[in-house]
Amino acid sequence: MYIAVKGGEAAIAASWRLLDEARRGDRALRELEVAQIREQLGLLVDRVMAEGSLYDPELAALALKQARGDAIEAAFLIRAYRTTLPRFAFTEPVDTDRMRVSRRISAIFKDLPGGQLLGPTFDYTQRLLDFRLLEAGSAAPLATPASAEPPPAVAPALKHLADEGLVEPAVPSAGDPEPDDITRHPPAYPTPRPARLQMLSRADEGWLLGLAYSTQRGYANTHPFAGEVRHGHVAVEVVPDELGFPIEIGEIELTECQMVNQFVGSANAPPQFTRGHGLAFGHGERRAMAMSLVDRVLRADEFDEEVTSPAQQQEFALPHGDNIEASGFVQHLKLPHYVTFESELHMVRTLRSAQQAETP
Amino acid sequence: MNAGYNFAYLDEGTKRMIRRALLKAVAVPGCQVPFGSREMPLAYGWGTGGIQVTAAVLGQGDVLKVIDQGSDDTTNAVNIRHFFRRTTGVSTTERTREATVIQTRHRIPEAPLTEHQVLVYQVPQPEPLYKLEPRRAEATRLHAYREYGLMHVKLYEDLTHWGRLDSSYDHPVLVHGRYVMSPSPIPSFDNPKMHRNPALQLFGAGREKRLYAVPPYTDVKSLDFEDHPFEVPMPEHACALCGSTTTWLDEVPTSDGVPLHTCSDTDHCREQREAAEGAPL
């Protein structure tokens, strides 16, 4: 029993065994392999990498297996592992302009240099259940793989608008300072944009989506257009101290969204469109788009916009999006609270007897 | 046609419910009518309202045209056209003049419409006041009292800030002298086409669960001020394909840096070119 303090250790051991059994499910069926999760549940793996804030598809798949498919629990496992890793270098900023794109669309032009490339997308599937997938091995035959030739880099959709000055440039902060690291330094509000972007990039996808949606329904206004959404592989480079020049250490898969938003202008500055930026590990289009909307509304101070809505309020929008923190604290209510509860109980009894004494 | 699904996907009871809501919408032009919007097999924001309206009004003899951004061949238009071909078997067309039902997103066709046509708009945000009053219950009250001061103040602020009042797209209109209505995000260039249009104009917002309508020959006035009348922005280029100087144009960036301007209404553009080729020399 829960309250049997002496039995706590045995109870925990028993719950572990039950968890192992529940994870395994029907033993008549083959056990799920981590590689299968990595390859066939890739979008879930990507979400766990984003919210776990660690790029490692293998470990994210393992975490999902261990967590019985609970994405937040899996992200928690990854965060708990990540925190034990030494940080030995910063990479150079990844250059998404040089991304090997597997998908690239722009909603603001009918066509543009580099073309519109749909890639693998659910967008035009009409969401009818494909009952063929119920039977293993009966999926539609695979088309012959396209040529192994790597696709050429595609120029950013906003390039010529930015060159014309119609869209604000995306440039590093003055002096290109070393980025703040929210995992080493607790955020102090108001927090600068690099720290905000870090918080958003690992925030809960549902939270980001809800906040972003609220801005589209009138709770803060962004007037967004999807300037470009691209997904593909980018090179990761570091500059080792011994060498002094960048070397490529690998490739990661990213999704980037450049949202073009409401223009600003003043007596001194001609009107121009502004940007919201979203970046996600793996193929996370919904996440990158939502993040770009939230990034833009959180820039209210830069553009002298009135702060009226939750999505614009840093202290509301940012800390509550961390689902590891939120999940922990909401669920800590399962812990014993009988000492604090006893004091409340005592207080209520006292108040009631005082009130009854006053009533004639 | 897909076996296992009803004609036009929705069951007959649902289609009747939508038609009843549409009748109310036609009877009170420009007024948003709540309806029991269904979950559709396309994503919210991709035309679920327009698709439900089209499904409710489409008959076996109809000829359907679907456009997005004025064009029949944009992915979303192709997808929706395919959906209706699959679920109704009705014939489809790209020619505006041949269509009896036209579902559109973000444009009104350039060719004049007739009494025999229905134009179905996909509407992302039916509430014209939502940026000024995001609480829907309060906005409904403002409509009931015909209290549109907020909107006039907003237009006045735009005028003082930018020197112009037109909202570039989704510029609010007053329908039949009573309701302020969102024309859906069509360019304000298209707004005048709504005024006394012979075609029935139906508007569907699936996610927000609202329908509204502009019956044929109804007054539709773009909001403005007496001393600052609403003006239609005229195109600054000619279409590179048909030479038109009176149509809404797409700007297409090219690799040599010189953008190409072409008609957004691809059927109208084709018609103009055919007319020019067929003309006696």
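**Entry 1: a helix pair in chain A**

I started where Arg193(A), Leu197(A), Leu200(A) and Ser201(A) of helix H7(A) meet Arg287(A), Met291(A), Val294(A) and Asp295(A) of helix H9(A). A reminder to myself before going on: this is a predicted model. I then looked up the geometry of the pair. H7 (residues 193-201) and H9 (residues 285-297) of chain A pack at an angle of about 145 degrees, and their axes lie 10 Å apart. I noted the crossing of H7(A) and H9(A) as right-handed.

Next I went to Pro190(A), which sits in the loop between helix H6 (159-163) and H7 of chain A. The peptide bond leading from Tyr189(A) to Pro190(A) is cis, and I have its omega down as near -5 degrees.

**Entry 2: helix H5 of chain A**

I checked the span of H5(A), residues 71-82. Its 12 residues reach 16 Å from the first C-alpha to the last, close to the 16 Å expected at 1.5 Å a residue. Which residues of H5(A) are buried? I found Ala71(A), Ala74(A), Ala75(A), Ile78(A) and Arg79(A). They are on the same side of H5(A), because they cover an arc of only 140 degrees around the axis. Their cover includes helices H3 (42-52), H4 (57-66) and H11 (323-331) of chain A. At the start of H5(A), I saw a side-chain oxygen of Asp70(A) come to within 3.0 Å of the backbone nitrogen of Ile72(A).

**Entry 3: Thr96(A)**

I moved on to the loop between H5 and strand E1 (100-105) of chain A, where Thr96(A) has its place. Is Thr96(A) buried or exposed? Its relative accessible area is 9%, so Thr96(A) counts as buried. Leaving aside residues up to four places away in sequence, Thr96(A) touches Arg230(A), Val234(A), Leu254(A), Glu256(A) and Leu279(A). With Glu256(A) there is a side-chain to side-chain polar contact at 3.0 Å.

**Entry 4: two positive phi values**

I looked up Gln126(A), in the loop between E1 and H6 of chain A. Its phi is near 60 degrees, a positive value in a residue other than glycine. Gln126(A) is buried, at 2% relative accessible area.

Ser168(B) lies in the loop between helix H5 (149-162) and strand E6 (173-175) of chain B. At 44% relative accessible area, Ser168(B) is partly exposed.

**Entry 5: His346(A)**

I ended in helix H12 (residues 338-358) of chain A, at His346(A). His346(A) counts as exposed, with 54% relative accessibility. I also looked up its C-alpha separation from Thr121(A), 225 residues apart along the chain: 59 Å.

How values were computed:
Residues are numbered from 1 along each chain as its sequence is written. Chains are lettered from A and ligands numbered from 1 in the order in which they are written. This is a predicted model: local features need pLDDT of at least 70, side-chain atom pairs count only at pLDDT 80 or more; totals for chains, interfaces and linings use all residues. Side-chain values use heavy atoms; hydrogens and water are left out. Helices (H or I, at least four residues) and strands (E, at least two) are DSSP runs, numbered from the N terminus. The expected span of a helix is 1.5 Å times one less than its number of residues. Buried means under 20% relative accessible area, exposed over 50%, partly exposed in between (1.4 Å probe, protein chains only). The arc is that of the directions from the helix axis to the C-beta atoms. Contact means heavy atoms within 4.5 Å. A polar contact is a pair of N or O atoms within 3.5 Å; within protein, one must be able to donate a hydrogen and the other to accept it, and residues adjacent in sequence count only if both atoms are side-chain atoms. Axes are lines fitted to C-alpha atoms, for helices over the stretch in contact, and angles run from 0 to 180 degrees between N-to-C directions. A crossing is left-handed if the near helix is turned anticlockwise from the far one by less than a right angle, and right-handed if clockwise.
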